[in-house]
Amino acid sequence: MDAFKINGGKKLSGTVQVKGAKNAILPLMAAALLTDEPVVLHNISYLSDVVVLSELLASMGASVTHASDTLVIQANALTGTTAAYEYVSKMRAAFWVLGPLLGRFGQASVSLPGGCAIGARPVDLYIKALQEMGAETHIENGYVHATGPLHAAEIFFPKISVGATHNTIMAAVLTPGTTIIHNPALEPEAIDLINLLRKMGANIQGVGTKTLTITGVSKLHGAVHTVIPDRIETATFAVAAAVTKGKIFIQGGDINLMESVADLLRLSNVILRQTERGLEVNAEHAVLKSTPIETAEYPGFPTDDQSLMTTLLSLADGRALVTEHIFENRFMHVPELIRMGAHIQIVNNQSVLITGVPELSGAIVTSSDLRGGVGLVLAALAAKGESIVQRIYHIDRGYDHLETKLSSLGADIKRIKL
Ligand code: EPZ
């Protein structure tokens, strides 16, 4: 199994490039199932999650090709509408093919994703919305079997769900009549999906508001789209600069997608400057400050950045409570941070109280999920001495050669085999 060996304490400096957001690429790939024409996606990071979804689409007969940072998907000769367990069990977002398959072909069988390390993550909101649109659904042998035809409906999401929003929009764009979705996710990745669908000919109004109005069209066509930059990867490098007191330029980074994180960094005297090409982060005179954090749906503080900030707050001046409102088990990295010398009290499974320490020390630690694992890498970059971060296959799901990018900024990090 691969691991990262990191010798901490190096100030980061130089330029690093961020590519398209993983959490945008995945729904955009699913959207390609809605047309028989090619959908061309630029600014792709060929992450392990992208590979798994490509394999799933190919298993249903779609043609998926990639060259450099471009992915071309054409679903003109699908041989089936079943998404097998071997793919959906590896990656929850693979479940999102349900909406487009049902919307276009009137039937789909998609393996249930099951729970995952960060929480139970049910799919009840997805299913309820499709049922309200007329789908007949039943669960058998671990699969959701859904059949149409769908009709337009007015859907109220009692809770904001990124995935259920993606899935319902993709089901509605080819469904006759006008579907209204109340309380959709407003995450930039959901807006990026809508932007692609509109390029494909979808009629979606109310974008960026609490009510989406979708009038079904009879056919969608191909489109060419550049994926928005990864705001979580951008935040990762910005926090890496902050905890090492470095100065870096994040090419392709966009501060407008991560204002809530930027506000916290500014409190610590990190200077952020957006240019046309990317985001400059100057933390040479940073003084890390404690401040309470509560995760929330966009535009609140992203749950995906919580572990990055937990690391930063471990090294900050003062005490701060971090409260996780989106997932019930997203502090798995905390016991590992404590092993590196962080002073963190686990208040309950929703909150931790962090008292900053001047220094962390290197240790052998284990990642349990993607973002928690990256939080540990950031801690190791700042820590004194050597750390080994194990189980980095979690990290490879969302970061394209993280060690190469961090090395190019002067970090002492190597991928090793254990
Ligand atoms: C997306 O997951 C992201 N994944 C997650 O990023 C991100 O943390 C999350 O949104 C929240 O921003 C991708 O985009 C691939 P949700 P998703 O449905 O869509 C509950 C990462 O590290 N819920 O918005 O699965 C759910 O349990 C990943 O990149 C229901 O109760 O998240 C959670 O408490 C991790 N019933 C809350 O809603 C449902 O039917 C929000 O989840 C669906 C969700």
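Biologist: Which residues does V97 touch, not counting residues up to four places away in sequence?

Modeller: Contact means heavy atoms within 4.5 Å. On that criterion V97 touches A30, L33, L53, L56, L57, A83 and V110. The structure is a predicted model, in which local features need pLDDT of at least 70, side-chain atom pairs count only at pLDDT 80 or more, and totals for chains, interfaces and linings use all residues. Residues are numbered from 1 along each chain as its sequence is written, and side-chain values use heavy atoms, with hydrogens and water left out.

Biologist: Which residues touch the most other members of the largest nonpolar core?

Modeller: In soluble globular proteins, nonpolar side chains tend to be buried together. A nonpolar core is a set of buried Ala, Val, Leu, Ile, Met, Phe, Trp, Tyr and Cys residues joined through side-chain atoms within 4.5 Å; buried means under 20% relative accessible area (1.4 Å probe, protein chains only). Here V97 and L197 touch the most other members of the 76-residue core. A second, separate core has 70 residues, including M340 and L370.

Biologist: How many residues of the shell around the ligand are nonpolar, polar and charged?

Modeller: Asp, Glu, Lys and Arg count as charged, Ala, Val, Leu, Ile, Met, Phe, Trp, Tyr, Cys and Pro as nonpolar, and the others as polar. The shell holds 12 nonpolar, four polar and eight charged residues.

Definitions and conventions: Buried means under 20% relative accessible area, exposed over 50%, partly exposed in between (1.4 Å probe, protein chains only).
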